[in-house]
Amino acid sequence: MHAIDNTPSNDSRDKQMPKMSMKLVLRDAGIGIALLLLIAFFSLSTQHFLNPNNISNILTQITINLILAIGMTFVILIGGIDLSVGSILALCAVVGGTVLTIPDLAVWQAVCLATLAAMATGVVCGLFNGWISAFWGLPSFIVTLGMLNIARGAALQVTDARTIYSFPQTFNDFGSKMVFGVPVVFLIALALVALAWFVLSKTVFGRLLYGIGNNEEAVRLAGHSLMIYKVAAFTIAGALVGIASIIYMARLNIASPIIGIGFELNAIAAVIIGGTSLSGGRGTVIGTLLGACIIGVLANGLILFGLSDFMRQMITGVVIILAVIIDKYRERITAG
Amino acid sequence: MTFSTSGPSVLFAQASTLSRPILELHDIRKSFGGTVALNGVNLSVNQGEVHGLIGENGAGKSTLIKTLCGIVKPDSGTITLAGQAYSPQTPRDAKARGLQVVHQEFNLLPYLSVAENIFIEHLPRNIMGVVRRRHMNERARVALDAIGLTDIDVRWPVERLGIAHRQLVEVARALMTDSRVLILDEPTATLTSRETERLFSIVAELRDRGVSVIFVSHHLDEIFRICDRVTVLRNGETVFSRTIGETNQDELVRGMVGKQLHKEMANDVVSSARSDVVLSLAKFRHAQSPHHDGISFDLHKGEILGIAGLVGSGRTELLRSIAAAELPVSGALVREGKVVKLHSPKEAINAGIGFVTEDRKDQGLILTMPIAANVTLASLSDVSRLGLLDRKAEDATTTRLGSDLKLKYGGPSKHVSTLSGGNQQKVVLAKWLARNPRILLLDEPTRGVDVGAKAEIYALIRRLAENGLALLIVSSELPELITLCDRIMVMSQHRIVGEMARADFSEEKILTYAYQGERRKTEH
């Protein structure tokens, strides 16, 4: 430490900078290595894991959780949490599904309108979450717990607890469309990861989200309105839920008010396994991508391995706890 | 352990021939990162004496106390307690050896009862492990009565008590265990005069029972009231120890302050009278102020205006409300001739007001983010286009300000947490300078900053003033204000009780104003 303090910038900088970024690279790499080890393990121990069909199956299964987890990353980075995404997913789906089944619309019109409607629904819910918690200074845990019930209730109310189906065939086909063996819906999720990465690491907005997660008061005293950024993080999460709901409908060809129960916890798990700190200010969306992949690979691989779904659930739980322990340990090493 | 033959050690060696020393510290040293907190402290406390410990903020009193109660491990030096080597690893060790501390920060559990708080370390239990509540309450009653807190029910939750009563409950808790040495860390800061009297009689009783009391205070009159001896600390070193009869207030003040400031004062140019007012406050009142007329003063272009006063006199609140970190309740703020109403720090910054907070870790810096990100935090629009960060511009700003401020750092991408206290403070300053303010508010600008960086920050402040920046500085270090300022105002009880121009500066005068206001309070 001393040496660093006292050396004037230039020559030491050349040595220090790569070292620092190496550490950051290693952070994500650690999760990546864990993922590779899992993949290696399952490819050796099971017959069908590396089968192209199985791979695209995994990618399809990851997609929804990944999109929700991207939004969750924004919220957790500012030190918040969003428990309502599962319920909002259902509400977005029934709103989108209703629009999608409006008769006399061309398919492309219906899909565009449905996407807009679903995203708008998610945005409204996100705005509510963000504004209530920021304006009243309430913990987002409580506010989104409330929203979890509000959105679920609303979804059941507007549909009278009925499931919506008979969507246009081209729409349903889209859900299982492949490009070179990769599901299109997964590519959409990947594009969203790239967009989120860009926003978080290259923009003033992203910089301030990290700042708020680390030291809200310092950001406020430096002349930034916290409200805007907090509300924006929840709103982004809401908009992403809207997108996820459309993909969900395209895959399962239904929109039911009871879908998405517990999805928020999977999304949080992906973010945490991906190395984002629950107290905010630290983490990347690339980590979240890897975290979602780990959950997906585990789920698929363990079933192929012959374990029951119950066992799979238990092991996923253990992995979540392990991820946090490893992260804590790693933090101590990088700090020391 | 070598003992220097000059100065302090000789003095207390003489004094301690009278009675047996129970606690002796030899050449205690402690650094935190680059900051030296204790730089050779010697202290000898006799059995059955009240020993005053005084020094300005940052002199090392708190670190010394933390060392004694096992929270901080010294880097070097030896401590003996009752003739045996003493190196506590935890506060529990310290207690086991008979050393108790009543801390300045409260360690009470607000939702538990007074009795439970008093007995928290060993709740009386029956065989089944159930708390013997009635027994506990009775004993707590006795303990409270002993210190005169007769009007408090021991079953009340602590949150129901006022701050002064909480302090006394802390004292009662410390008195539950028999101790050889009791340390009271600024115990009277929150007490009214009646309660202070009560505390003093308790202290006298303890002394008569042979307990040694170390009494930390910045109220010199209290030191003279109850102490037998006094030790002065400055910059982490023992300046001297004296029996109370052999010293006087002037000597203690001089000891705390040191001589060097007179030198620095001499080579300073007397600033010329200034005309253009950049900021003026009229009946400006923040939420904590009890006075309807609030505070009024003018700040001129290129002026360095200091605000002195004791802790709690409302200095920080004043700065915070000027910077709109908290909103004032009434009064006007006039910027360059126009009354402006500032609703948020953002508006204050846009009005050209920068604010270096007292607590850089909690309010100034984002420790786990890069230096560059911290430097540009208040001027992000200058290093971005259409919301996209321009890393090159950001690094350029950081490098430019870094060399202006003589910042010693590994590079713009290093985390701020890797820097020493002085360099961290420079990053805070750089953040505001990047914004080009017209007015800079500084709250304790050199707290926790090493001597070298301090001198550099002083030079920077002077240079900024020469370039026309108006600076308003709050500091608890009088030499700092005397060295830097063109004018000093003294605050007490949320009002300005005195003002002096450079020619009239003296520590005595400032302290007189500050304590006068205090006395007025205690007479209420």
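Two strands are taken to pair if DSSP finds at least two bridges between them. Helices (H or I, at least four residues) and strands (E, at least two) are DSSP runs, numbered from the N terminus. The model is a predicted one, in which local features need pLDDT of at least 70 and side-chain atom pairs count only at pLDDT 80 or more, while totals for chains, interfaces and linings use all residues. Residues are numbered from 1 along each chain as its sequence is written, and chains are lettered from A and ligands numbered from 1 in the order in which they are written.

Strand 20 (residues 470-474) of chain B runs parallel to strand 13 (residues 304-309) of chain B, and four bridges join them. Within this pair, B:Ile307 stands opposite B:Val474 of strand 20. Both strands belong to an open sheet of six strands with mixed pairing, in the order 16-19-20-13-21-22 (chain B). At its edges lie strand 16 (353-356) and strand 22 (495-501) of chain B, each of which pairs on one side only. On average, neighbouring strands of this sheet are turned by 20 degrees against each other, direction ignored. Here, axes are lines fitted to C-alpha atoms, for helices over the stretch in contact, and angles run from 0 to 180 degrees between N-to-C directions.

Another open sheet of chain B has four strands in the order 12-11-14-15, and its pairing is antiparallel. Its edge strands are strand 12 (295-300) and strand 15 (338-340) of chain B, each pairing on one side only. The twist from one strand to the next averages 20 degrees. Strand 14 (residues 330-335) of chain B is joined to strand 15 of chain B by three bridges, and the two run antiparallel. Here B:Leu333 stands opposite B:Val340 of strand 15.

Strand 9 (residues 229-234) of chain B pairs with strand 10 of chain B in the antiparallel sense over six bridges, and B:Val230 has B:Arg242 of strand 10 as its bridge partner. Strand 10 (residues 237-243) of chain B is mostly covered, with six of its seven residues buried. A residue is buried if 20 or more other C-beta atoms lie within 10 Å of its own, exposed if 12 or fewer, and partly exposed in between, with C-beta atoms placed from the backbone.

Turning to chain A, the secondary structure comes to 13 helices and two strands. Of the 336 residues of chain A, 48% count as buried. In helix 2 (residues 9-45) of chain A lies A:Ile33, which counts as exposed because it has 12 C-beta neighbours inside 10 Å. From C-alpha to C-alpha, A:Ile33 and A:Leu113 are 42 Å apart in space, and they are 80 residues apart in sequence.

The axes of helix 3 (residues 52-77) and helix 12 (residues 285-304) of chain A come within 8 Å and cross at roughly 140 degrees. That makes helix 3 of chain A oblique to helix 12 of chain A (angles under 35 degrees count as roughly parallel, over 145 as roughly antiparallel, 65 to 115 as roughly perpendicular and the rest as oblique). Residues making the contact include A:Asn54, A:Ile58 and A:Thr73 of helix 3 and A:Val285, A:Gly291 and A:Asn300 of helix 12 (two residues are in contact if their C-beta atoms, placed from the backbone, lie within 7 Å).
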